[in-house]
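Hi,

Here is the model I promised to pass on to you.

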Amino acid sequence: MPSTAPTLTPEQLEAFGQELDAIRARVVADLGQRDVDYINRLIRVQRGLEVAGRGLLFAGFLPPAWLGGTAALSLSKILDNMEIGHNIMHGQYDWTGDERLNGKAFEWDTACPAEQWRHSHNYMHHTHTNIVGKDRDIGYGILRMSEDEPWRPYYLGNPLYAALLASFFQYGVALHDLETERIATGELALAEKRGMLSDIWRKVKGQTLKDYVLFPILSGPSLPFVLAGNATANLTRNLWAFTIIFCGHFPDGTEQFTEEETESETRGEWYYRQLLGSANLTGGDLFHILAGNLSFQIEHHLFPDLPAHRYAEISLEVSEICERYAIPYNTGPLHSQFGSVVRKIFRLALPGGSGPTAVAREAASSPRAVVASANGRTSTAQGRAAALESGTGRAKSTKARPTATTTKGRPTKDRASSKPARAAAATGTRN
Amino acid sequence: MVARAQSSRLAGATSPRGLGRRLLHSSLAEALTFPHGVDRYVELVRPLLLKRDVRAEVTAVRHQTPKSVTLTLRPNENWRGLQAGQFVGVSVEIDGVRHTRPYSPAGSQHAAGGALELTVSTHPEGRVSRHLREHARAGLIVGLTQAQGDFVLADPRPDRVLLISGGSGITPVMAMLRTLCDEGFEGEIGFLNYARSRELALYGAELDRLTDRNERLSVARGFTRGRGAKLTGRFCREHLPAVISEHSGAATFVCGPPALIASVRAVWAKDGLAEPAVETFTPAALSFDTDGAEGIVSFAASGREAANSGLPLLEQAEDAGLAPDHGCRMGICNTCSCRKTTGTVRNLVTGQVSTAPDEQIRICVSVPLGDVALDL
């Protein structure tokens, strides 16, 4: 899949970064009552849905009460995890000084301890977005979601693993920061993760006690209905969160990167990588709220700490900026974006796996695959050597991402000479 | 008073309301509302009925002077009471942002139902004071900290008490005076009370009333920019005989602007007397240069201090041998977010300069401008 991203000169990248910084500064200056009222209203709605849902399930032997209660509880968990929890934990409301809206204090209604999420998501994923070998959101350590991940027979089960991950997503997320695959290979000792495990256990215990022991027992004769309702609500939230999150970075057209080409990025380059690696979803206001505004994944990755309900208005400016720089702005309705993710899950179950362009892509990217397979964390010297040797192989990514050129010579004095060279490389390898 | 408070609390334990409270505070309720906790649900319906947080409802608002507002507060059951002279942190939300400021309640520590009286004087730059003057209404809920500070009367009470206040500094000494009167204190009390003018003088009528009722209390007022007062000009040794027979040996409490405190201290030092108890809430003047490399950075939780090197606070903390949590080092991930208790910092990403006490900052992109204290 050839990249459609243009090559930007260092000057363009800097100007591009400044335009995005300006958007950020303007929104930050405008933060106020409107934002606090929004999040507080959402919290009230979520808590109301939760109380109503659990209350209705007490009468769960009546089918309409069971359906209504389960739906309300599902919505409550979705709102709690996505628009409220995920966004508050990014520190989007830290400026309010309200302890209840504090990113470091917030805990959410899911199995993953907030503290571990803040590390694996806020830091690892958001700083190293789509860098194969660093961003563990690429496949969660169990799926093959990148052509750069070398194929093994294990990956024949890709669609099955994806279905399991989607169904038990809250536990997948809870185990995310454990790096179980590195424990399995012996790279990490289980003992190193003991503290983390006991935190996960404490959180899972609290969640299980509430959803599968206390509320069912308290409901007396409705026990089986409450149990089923709570399990359904958790499953619904799991499937929904998986769907939205996998639409963020894996639809057709999103790009992935190597550690080498992202070394010594400037802020403009970092913005550019976030943009090329993320994809949006189109939909109505309610859809965006239920998606935690992760349907504006691009804006979220550019400005992870701005209140997410602002992304809709910001997206107009971001897409306009992208148009001016001819940067692809990846967006589409849920069914087509998720459809392309599902196709990718199936495609990558097999060796190679870039569809019609698989062969070309295989040839072009094989040096990168070598680098990645060396462990995904290859010493940079080795990575650079491979990159330099590969010549045409690197040309594709060189053209696609200005970051690649900056790894060799930071965007300083050789601008004039490097510009036409890169342009030539671009025309030579496009298609 | 104390006995009455206790008996009402005992009655509360068996009333329906007391049972409700006990149920809400049970570990079962906590397990059912995991992980948010029962307060996060109850507060949406009953904002004062909380297990942990101290909050208060404004029950009355009056304006004594054109530049002040006097609020009566009813704290919730988590309030542990105060000693006259102590201060509390009061939090209000202004345009979505929570601001906390210290105020010394002016009421007696024995006030019925634990009610607090706050008299807030407005300053042109005072965001919170102006907000309270303009917007505080009965029914407003504010956040409180527990009472703090050691500007308090000794227990048992001293034989003779001398109070000296300037401007809005009247509030903690007013609390002491009212408390002593409630306790039927029989010793001598002298009170030198300075204000800019009669128009801006606080608690004038009440001081007259108290003086009429207590012959061992004498109050003298001085207006530094107006006429019609017993005393002329600012505080000086000559003012003391107007209110007290002999100032040496009297337990002395001074609250007001730094200049007043300095001149009282000078007199006491000259007479070879022990330092009087003092309290001031006037913030030190802002001073910073663009290099920002001045002042002391203190890490309160670990008890370390270092001279400000002008680097981001995360690096200064690491240079001081600390290992704060951190992630991206570029202001993105919020891992290093930490509470700044006092001081001014500039955010390197936004260029924003912030001075608010008790705010969360990302130390990887914040440089101190002058003295800064972090909860690290």
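Chain B splits into three domains, with bounds from an automatic or database domain assignment: domain 1 covers 53-144, domain 2 covers 160-279 and domain 3 covers 296-374. Between domain 2 and domain 3 of chain B, the C-alpha centres are 41 Å apart.

Before going further, some housekeeping. This is a predicted model, where local features need pLDDT of at least 70 and side-chain atom pairs count only at pLDDT 80 or more, while totals for chains, interfaces and linings use all residues. Residues are numbered from 1 along each chain as its sequence is written, and chains are lettered from A and ligands numbered from 1 in the order in which they are written.

Now chain B as a whole. Its C-alpha atoms fill a box of roughly 65 × 60 × 40 Å along the principal axes. There are 9 helices and 18 strands in chain B, taken as DSSP runs (H or I, at least four residues, for helices; E, at least two, for strands) and numbered from the N terminus. Of its 376 residues, 35% are buried, meaning that 20 or more other C-beta atoms lie within 10 Å of a residue's own, with C-beta atoms placed from the backbone (12 or fewer is exposed, in between is partly exposed). Contacts are counted when C-beta atoms, placed from the backbone, lie within 7 Å; among those in chain B between residues at least 6 apart in sequence, 62% join residues at least 24 apart.

Strands pair here if DSSP finds at least two bridges between them. β13(B) runs antiparallel to β14 (residues 304-307) of chain B, with 4 bridges, and parallel to β18 (residues 366-374) of chain B, with 3 bridges. B:V297 has a bridge partner in each: B:A306 in β14(B) and B:V372 in β18(B). With 4 residues between them, β13(B) and β14(B) form a hairpin, and B:G303 in the turn has a positive phi of about 70°.

Finally, the interface: 37 residues of chain A are in contact with 21 residues of chain B. On the chain A side, α1 (10-30), α2 (33-57), α4 (114-127) and α8 (194-218) each supply at least two residues. Within chain A, the buried residues of α4(A) include A:W117, A:R118 and A:Y123, and their cover includes α3 (63-89) and α12 (297-302) of chain A.

Happy browsing!

Key
Two residues are in contact if their C-beta atoms, placed from the backbone, lie within 7 Å.
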